[in-house]
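Open your viewer and get ready to click along. Each stop tells you what to select next and what to look for there.

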Amino acid sequence: MKLSDFDFDLPERLIATRPARPRSSARLLVAEGDRITDAVVRDLTDWLRPGDRLVLNDTRVIPARLSGLRHRTVAEGETAARMEVTLLEPRADGTWATLLKPLKKIREGEEIVFSPRLSATLVQKEEGQARLRFNRAGEEFDAALAEAGQMPLPPYIAAKRAADAQDREDYQTVWADRPGAVAAPTASLHFDDDLLARIAAKGVATTRVTLHVGAGTFLPVKVEDVTTHRMHAEWGEVTEAAAAEIAATRAAGGRIIPVGTTALRLIESAARSGTIAPWRGETDIFIYPGFTFHVSDALMTNFHLPKSTLLMLVSALMGQDRMKRVYAHAVASGYRFFSYGDASLLIPG
């Protein structure tokens with residue numbers, strides 16, 4: 001399996017920089033076996049059956065992008081340098097792993113001031129990252145971060161425009177609950193209260209799990225032999241109640257349909273024994289063609305980057321040839337791609 005097997009041409013005009021409004025008005029490509037149907041997300045219930053269960057990721061995106069000043073006193077006087085920080089994940093010792101630019105312009109022990117309430121000291125540089133210790137913790141840190149931070153839009157959106165106040169709503173699911181993600185579970189962004197009510201009325205249940213999506217989700221695959229690629233780790237949890245709900249649905253003949261690749265990766269991590277079980281910890285599961293799915297019967301997801309691990313995941317579920325046809329149809333039909341783009345419902349059939 002070569003990296004080039006997962007490449008395709010994507011016109012720049014198809015990369016979405018804002019979501020559809022209302023959320024459920026986005027387009028939905030339904031691939032059921034070899035059949036492709038063009039629909040709209042609000043019609044999702046047309047392909048769901050009573051007794052099915054959607055699995056939703058309830059992670060909450062934190063405003064993880066910060067801009068601040070590093071001050072330094074030199075012989076000529078006081079100097080300041082602009083520092084751009086993206087939070088990655090908290091460490092057990094209370095520090096944060098971050099991406100910091102420009103990393104060469106700051107020394108260990110120096111402080112970055114982000115706002116009157118929030119600052120951080122560089123503890124250590126490690127493998128291209130920076131370990132920062134903030135001046136606040138707990139709820140005080142959360143409140144100061146909410147004031148000073150911006151939503152961490154994906155690189156392909158951030159390159160086109162800066163994050164703004166609208167992104168605080170747009171880049172968050174309506175059921176977001178547990179803070180910790182630095183990227184959104186984007187397939188879930190298409191759901192609104194009206195669609196959730198229609199899903200429930202159809203007799204379709206939902207289960208919530210948590211996977212804190214990390215910035216590593218955007219890292220490119222750099223090896224030609226994709227089987228040698230090493231995935232980033234992300235923290236997740238499938239509670240005892242969630243595992244029991246999923247197991248009961250499967251036992252009753254209902255389908256398990258994760259909403260988003262994050263929910264799918266998590267429940268498959270919790271089912272490597274062959275059956276779903278409670279699970280908590282970090283997963284670096286890499287799903288590519290040849291993978292054995294133990295619990296996922298279908299998947300709702302957005303359209304992914306060429307040569308990405310997520311394109312490999314959907315190819316594992318549907319087959320490479322099918323996914324090539326799906327993506328060719330999506331491009332030809334003008335579907336909008338990536339985090340703020342349209343959706344697909346993939347049913348292997």
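Select Arg53 and show what surrounds it: beyond its neighbours within four places in sequence, Arg53 is in contact with Val204, Ala205, Thr206, Thr207, Glu245, Ile246, Thr249, Arg255, Ile256 and Ile257, where contact means heavy atoms within 4.5 Å. You are looking at a predicted model, in which local features need pLDDT of at least 70, side-chain atom pairs count only at pLDDT 80 or more, and totals for chains, interfaces and linings use all residues. Residues are numbered from 1 along each chain as its sequence is written, and side-chain values use heavy atoms, with hydrogens and water left out.

Arg53 sits in strand β3 (residues 53–57). Helices (H or I, at least four residues) and strands (E, at least two) are DSSP runs, numbered from the N terminus. Is Arg53 buried or exposed? Arg53 is buried, because its relative accessibility is 12%; buried means under 20% relative accessible area, exposed over 50%, and partly exposed in between (1.4 Å probe, protein chains only).

Now look at the side chain of Arg53. It makes a polar contact of 2.9 Å with the side chain of Thr207, and it reaches the backbone oxygen of Thr206 at 3.4 Å. A polar contact is a pair of N or O atoms within 3.5 Å; within protein, one must be able to donate a hydrogen and the other to accept it, and residues adjacent in sequence count only if both atoms are side-chain atoms.

Next, select Arg255, in the loop between α5 (240–251) and β14 (256–258). With 9% relative accessibility, Arg255 counts as buried. Which side chain joins that of Arg255 in a polar contact of 2.7 Å? The partner is Asp52. The side chain of Arg255 also reaches the backbone oxygen of Trp47 at 2.9 Å. Show the other residues in contact with Arg255, including Leu48, Gly51, Asp297 and Ile347.

Move on to helix α7 (residues 309–318) and helix α8 (residues 320–332), which pack at an angle of about 120° with their axes 7 Å apart. Axes are lines fitted to C-alpha atoms, for helices over the stretch in contact, and angles run from 0 to 180 degrees between N-to-C directions. The two helices are therefore oblique to each other: angles under 35 degrees count as roughly parallel, over 145 as roughly antiparallel, 65 to 115 as roughly perpendicular and the rest as oblique. To see the contact, select Leu311, Val314, Ser315 and Met318 in α7, which meet Gln320, Arg322, Met323 and Tyr327 in α8.

Stay with α7 and ask how many of its residues are buried. The count is 10 of 10, and the elements covering them include β1 (27–32), α6 (261–269), β16 (299–302), α8 and β17 (343–347). Just after α7, Gly319 takes a positive phi of about 100°.

Finish with some backbone details. Most residues other than glycine have a negative phi, and most peptide bonds are trans. Select Glu127, in the loop between β9 (119–126) and β10 (129–134): its phi is positive, near 50°. Glu127 counts as exposed, at 85% relative accessibility. Lys307, in the loop between β16 and α7, has a positive phi near 60° and is partly exposed at 34%.

For cis peptide bonds, select Arg21 and Pro22, where omega is near -5°, then Lys101 and Pro102, where omega is also near -5°. Pro22 lies in the segment before β1, while Pro102 is in the loop between β7 (96–101) and β8 (111–113).
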